[in-house]
Amino acid sequence: MELSYQDVKAAADRITGHVLPVTVALGASEAIPTRGSESCELWLALEFMQHTGSFKARGARNFIQAHRDNGTLPDAGVTIASGGNAGLACAWAAHGQGVRATVFLPTTAPAVKVERLRGYGADVRLVGAEYADALAACREYADTTGALLSHAYDNPYIAAGAGTLMMEIHRQLPRLDTVVVAVGGGGLFAGIATAADHYGVRTIAVEPQNCRALHAAIEAGRIVDVPVDSVAADSLGARRATELALHAAQNYDVTSILVPDQDIIATRRKLWHDRRLAVEHAAATALTALTTSAYRPEPGERVCVVLCGANTDPSDLTR
């Protein structure tokens, strides 16, 4: 299974005017170690300012609109299993189009996400300790009710919608060399990498050391199940990557990097202390690849880091 740039472009045509264009801000390049004495050119894509607080709004809007256009949106509405952000986006997109949404989450989902889901009018159901448990319950619900089964990341409409973010980044930074993105199941990564390849931009895929679904798939040459144990697991805790993500990793200019939890925590706190940006651990994961030298840019390299979400409890940022 693969995603094309034309899929991403079609998604952009559907969602333009319904999502917020990404804000791209200059970062603190001097704080990023490079391979020489000169600094790189660092940019931050502030996608956490998107509707629902994450990039997921793009894929959700594209998914529902595409099914509406195709005449495949049932009266029973949509249902999705999500660690939080995808559910928020699905509920938001459904609410905006008058569609019923039933969202399944693991019991470990942050309370802030559960509360916001209910605020969008979704029927929220908490099941099991991991995403896989919520997904099984969601599939059973779809089978018995006829609701349209969405997915947090494993769907071409979802991934294509996420890829529109790269189109907007490239529009603002046409001479970009590298885009850095955190990876969970791989929906955002697949969309970003597909569009990035079209523009000749390399992609750095960053995962926590103990949530390495894509990294493990690349090493094995196939999709494999992995254990999930990370401070960023609420957003990046997929047991397995998607075929779309593996195809992108194997066929485009992609480097896969792992970073430890303690460094993710430190980077997230530094974003707060230095720039007053309160982001999720998942968003901090991408930047951690640069702050820890896991990826060292060339001097003068133009790098954009995607800060993908901000649905977080900020109470621990000053501890």
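Predicted model: local features only at pLDDT ≥ 70, side-chain atom pairs only at ≥ 80, totals over all residues.
Let's start with Ala 289. Ala 289 sits in helix H12, residues 281–291. Buried or exposed? At 1% relative accessibility, Ala 289 counts as buried. Ala 289 and Ile 257 are 32 residues apart along the chain, yet their C-alpha atoms are separated by 7.1 Å.

Stay at this end of the chain for a moment. Move on to Ser 293, in the loop between H12 and S10. Ser 293 is not a glycine, but its phi is positive, about 70°. At 25% relative accessibility, Ser 293 counts as partly exposed.

Look for Thr 52 in the loop between S2 and helix H2, which covers 56–70. Thr 52 has 4% relative accessibility, so it counts as buried.

Now the sheets. Six strands make an open sheet, and the pairing is mixed. Which order do the strands take? Read it across as S1-S2-S10-S7-S8-S9. Strand S1, 24–26, is at one edge, and strand S9, 254–259, is at the other; each pairs on one side only. From one strand to the next, the twist averages 25°. Helix H6, residues 156–172, packs on this sheet. H6 touches S1, strand S2 (41–46), S7 and strand S10 (302–307). The direction of H6 makes about 140° with that of S10.

A word on pairing in general. Strands of a sheet pair through backbone hydrogen bonds, parallel or antiparallel. Strand S7, residues 178–182, and strand S8, residues 202–208, pair in the parallel sense. How many bridges join S7 and S8? Five bridges.

Four strands form an open sheet, in the order S5-S4-S3-S6, and here the pairing is parallel. Its edge strands are strand S5, 123–126, and S6, each pairing on one side only. Strand S3 is residues 78–81, and strand S4 is residues 101–105. S3 and S4 pair in the parallel sense over four bridges. Val 78 stands opposite Ala 101 in S4. Then look at helix H3, residues 85–96. H3 lies across S3 and S4 and runs at about 165° to S3.

Where is Ser 150? Ser 150 lies in the loop between strand S6, 148–149, and H6. Ser 150 has a relative accessible area of 4%, so it is buried. Setting aside neighbours within four places in sequence, Ser 150 is in contact with Phe 63, Thr 79, Ile 80 and Ile 158.

On to the cysteines. A search of the whole structure finds zero disulfides. The cut-off is 2.5 Å between sulfur atoms. Cys 40 is buried, with a relative accessible area of 4%.

Last, the whole chain. The chain has 12 helices and 10 strands. Its radius of gyration is 18 Å, close to the 20 Å that the globule rule gives for 319 residues, so the chain is as compact as a globular protein of that length. Along the principal axes, the C-alpha trace spans about 60 × 45 × 40 Å. Buried residues make up 59% of the 319 residues. Take the contacts with a separation of 6 or more: 72% of them are between residues 24 or more positions apart. And the surface? The chain exposes about 12600 Å², with carbon and sulfur atoms supplying 46% of it.

How values were computed. Residues numbered from 1 in each chain as written. Heavy atoms only, no water. Pairing = 2+ DSSP bridges. Helix = DSSP H or I, 4+ residues; strand = E, 2+ residues; numbered from the N terminus. Axes fitted to C-alpha atoms, helices over the stretch in contact; angles between N-to-C directions. Contact = heavy atoms within 4.5 Å. Rg over C-alpha atoms; globule rule 2.2 N^0.38 Å. Buried < 20%, exposed > 50% of the residue type's maximum accessible area, 1.4 Å probe, protein only. Areas by Shrake-Rupley, 256 points an atom, 1.4 Å probe, with all protein chains shown as cover.
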